[in-house]
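Reader: I have the sequence and the structure open, and I would like to go through a few points with you. May we begin with a single residue and then widen the view?

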Amino acid sequence: MLTLIHVVSNGLLLLGFYMMGAGWARIHKATGGLVTDGVYGYIRHPQYAGLFIITIGLLIQWPTIITAAMWPVLIFAYYRLAKREEGEMEKEFGDAYKKYKEEVPMF
């Protein structure tokens, strides 16, 4: 059973780090335009979603009362940050971002 827990947990960690890295790479290769391809073609906030997945993997592998209690706080804080960033993107990119938002899920 312990091996299965580690396989699942480590799989989530790897997936989360991949999503964060893929999102970071796309943003830093962009030339100031709206990024809607690569991992951003599937999810609007891959770096935050990757962080959520990493923290789930860590909670599976090393659960504590404080980390379990703080996890919803972390999720809420990043959700609010994502919503604020989306407002900024709508101001900067207008209808193009609104259309993207309609087609691609947040997390």
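Reader: Is Arg44 buried or exposed?

Author: This is a predicted model, and in it Arg44 counts as buried because its relative accessibility is 10%, where the cut-off for buried is under 20%.

Reader: Where does Arg44 lie?

Author: Arg44 is found in the loop between α1 and α2.

Reader: Which side chain joins that of Arg44 in a polar contact of 2.7 Å?

Author: The partner is Glu86, side chain to side chain. A polar atom of the Arg44 side chain also lies 3.0 Å from the backbone oxygen of Lys101.

Reader: Which residues is Arg44 in contact with, leaving aside its neighbours within four places in sequence?

Author: With those neighbours set aside, the contacts of Arg44 are Glu86, Tyr97, Tyr100, Lys101, Val104, Pro105 and Met106.

Reader: Which helix supplies the largest share of the lining?

Author: Helix α3 does, with five residues. At least two lining residues come from each of α2 (46–61), α3 (65–93) and α4 (95–103).

Reader: And how many of the lining residues are nonpolar, polar or charged?

Author: The lining of the largest pocket has 11 nonpolar residues, along with four polar and four charged ones.

Reader: A change of topic: is Ala96 buried, exposed or partly exposed?

Author: Ala96, a residue of helix α4, is partly exposed because its relative accessible area is 46%, which falls between the limits of 20% and 50%. The C-alpha atom of Ala96 is 8.1 Å from that of Leu34, although the two residues are 62 residues apart along the chain.

Reader: What about Ala22, buried or exposed?

Author: Ala22 belongs to helix α1. Ala22 is buried, because its relative accessible area of 18% is under the 20% limit.

Reader: Finally, what pLDDT does the protein chain average?

Author: The average is 95, and 100% of the residues score at least 70.

Notes. Residues numbered from 1 in each chain as written. Predicted model: local features only at pLDDT ≥ 70, side-chain atom pairs only at ≥ 80, totals over all residues. Heavy atoms only, no water. Helix = DSSP H or I, 4+ residues; strand = E, 2+ residues; numbered from the N terminus. Nonpolar A, V, L, I, M, F, W, Y, C, P; charged D, E, K, R; others polar. pLDDT = per-residue confidence, 0-100. Buried < 20%, exposed > 50% of the residue type's maximum accessible area, 1.4 Å probe, protein only. Polar contact = N/O pair within 3.5 Å; in protein donor to acceptor, adjacent residues only side chain to side chain. Contact = heavy atoms within 4.5 Å.
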